[in-house]
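Here is a short report on one protein model. Please look through the sequence and the coordinates alongside the text.

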Amino acid sequence: MKNVFTKEAKIGLVSIVSLVLLYVGINYLKGINLFQPVNHYYVSFKNVKGVTISSPVFIEGFKVGLVRDIVYDYSTTGKITVEVSLEDKMRLNKGSYITVVNSFLGGAELHIHLNTYVDDYLKPGDTIEGRMEEEMMQAIQQNILPGVEGMLPKIDSILVGLQTLINHPALTRSLEHIETTTGNLETSSRQLNRLLSQDVPGIVNDLHTITSNFSEVSSNLKELDLATTVNSINATLANLKLTTDKLNSTDNSVGLLLNDKALYDNLNSTMDNASKLLLDLRENPKRYVHFSVF
């Protein structure tokens, strides 16, 4: 069988296949998928620091494309055109723009900012506005460092004041007082815990006993015939009142004895005369007693 391909044809075919594989491999390493349909747009920048071919293009943190080419316009100044390839499903609203964002580790990324307020879309091949975000260190230098420099004298004054306050004897005494107070609080806490664990249960038991006794006394009082007792007391008071009335009246002997002044005077005079008689009898017995012998 006659060989269809000559040696030179085989070498040429192998070379073509190798070049194709090399091209596909290089683009694959760059992150370019030759078999995925894409749309090409152009972005106009004044500064593309950090941007290289194959730099990623993101929208809200999601990668949607790559940088395909960067061209500087030598006919004017400050105009650089960057060609980007985006997924064919990615549509850009009119008025959208793309910014360059530099990272700490070097390199840059392109971030798409969509204008969601309009419904008109750009066509593949249109030019998009490009902007350069301020570098973080530059922004810090311009916005933060001046404020920090202005704060340094105040911070120095605050530190001097704090040092003076710390070295003041009053602070040391206050700390000692706080330490003493803390120790006293700890002691009081231990005593309170001991009281709650030892004394309070006994007090609670005593209260329970007293409550039980009050309950028993209340039950006993409930069982008493208070009506009969009150009636007896009323009768006793009535009799006492009757006795008092009789003592105050003059229609009985005791009443006369207590209320008749003349009777009192007569009894007093009688007692006085009897006393005199007994005295005279003792001093002059012969007046009243006679003895005769035969």
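The report below goes from the whole chain to the barrel, then to salt bridges and a surface patch.

## Basis of the model

This is a predicted model: local features need pLDDT of at least 70, side-chain atom pairs count only at pLDDT 80 or more, and totals for chains, interfaces and linings use all residues. Residues are numbered from 1 along each chain as its sequence is written, and side-chain values use heavy atoms, with hydrogens and water left out.

## Overall make-up

The protein chain holds 6 helices and 7 strands. Both are DSSP runs numbered from the N terminus: helices are H or I with at least four residues, strands are E with at least two. From the N terminus, the order is α-β-β-β-β-β-β-β-α-α-α-α-α.

Of the 294 residues in the protein chain, 14% are buried. Buried means under 20% relative accessible area, exposed means over 50%, and partly exposed lies in between (1.4 Å probe, protein chains only). The accessible surface of the protein chain is about 23500 Å², and carbon and sulfur atoms account for 61% of it. Accessible areas come from the Shrake-Rupley method with a 1.4 Å probe; for residues, only the protein chains shown count as cover. Among contacts between residues at least 6 apart in sequence, 56% join residues at least 24 apart. A contact means heavy atoms within 4.5 Å.

## The barrel

The 7 strands close into a barrel with mixed pairing, in the order β1-β4-β3-β2-β6-β5-β7. Neighbouring strands of this sheet are turned by 35° against each other on average, direction ignored. That angle is taken between axes, which are lines fitted to C-alpha atoms (for helices, over the stretch in contact); angles run from 0 to 180 degrees between N-to-C directions. Strands of a sheet pair through backbone hydrogen bonds, either parallel or antiparallel. Two strands count as paired if DSSP finds at least two bridges between them.

Strand β5 (residues 97-102) pairs with strand β6 (residues 108-113) in the antiparallel sense, over 6 bridges. Val-101 stands opposite Glu-109 in β6.

## Strand β4 and its neighbours

Strand β4 (residues 80-87) is largely enclosed by the rest of the structure, because 6 of its 8 residues are buried. Strand β1 (residues 38-45) runs antiparallel to β4, joined by 8 bridges. Strand β3 (residues 62-72) also pairs with β4 in the antiparallel sense, over 7 bridges. Tyr-72 has Ile-80 in β4 as its bridge partner.

Ser-85 sits in strand β4 and stands opposite His-40. Is Ser-85 buried or exposed? Ser-85 is buried, at a relative accessible area of 7%. Leaving out residues up to four places away in sequence, Ser-85 touches Val-38, Asn-39, His-40, Val-64, Gly-65, Leu-66 and Arg-68.

## Strand β2

Strand β2 (residues 56-59) is covered on both faces. Pro-56 and Phe-58 are buried on one side, Val-57 and Ile-59 on the other. Strand β2 runs antiparallel to β3, with 4 bridges. The two form a hairpin with 2 residues between them, and Glu-60 in the turn has a positive phi of about 55°.

Strand β2 also pairs with β6, here in the parallel sense over 2 bridges. Phe-58 has a bridge partner in each neighbour: Lys-63 in β3 and His-111 in β6.

## Salt bridges

Side chains of opposite charge can pair when their charged atoms come close. A salt bridge is a side-chain nitrogen of Lys or Arg within 4 Å of a carboxyl oxygen of Asp or Glu. The count comes to 2 salt bridges.

Glu-129 pairs with Arg-131, with the closest N and O atoms 3.2 Å apart. Glu-129 is partly exposed at 43% relative accessibility, and Arg-131 is partly exposed at 37%. Arg-190 pairs with Glu-186, with the closest N and O atoms 3.4 Å apart. Both lie in helix α3 (residues 169-223), 4 residues apart, about one turn of the helix. Arg-190 is partly exposed at 45%, as is Glu-186 at 47%.

## A nonpolar surface patch

Which residues form a nonpolar patch on the surface? They are Ile-144, Leu-145, Val-148, Met-151, Leu-152, Ile-155, Ile-158, Leu-159, Leu-162, Leu-165 and Ile-166, with about 1000 Å² of accessible area together. Patches are made of residues with over 30% relative accessible area and no salt bridge; like charges are joined within 9 Å, nonpolar side chains (Val, Leu, Ile, Met, Phe, Trp, Tyr) within 5 Å. Val-148 lies in helix α2 (residues 136-167). Val-148 counts as partly exposed because its relative accessibility is 37%.
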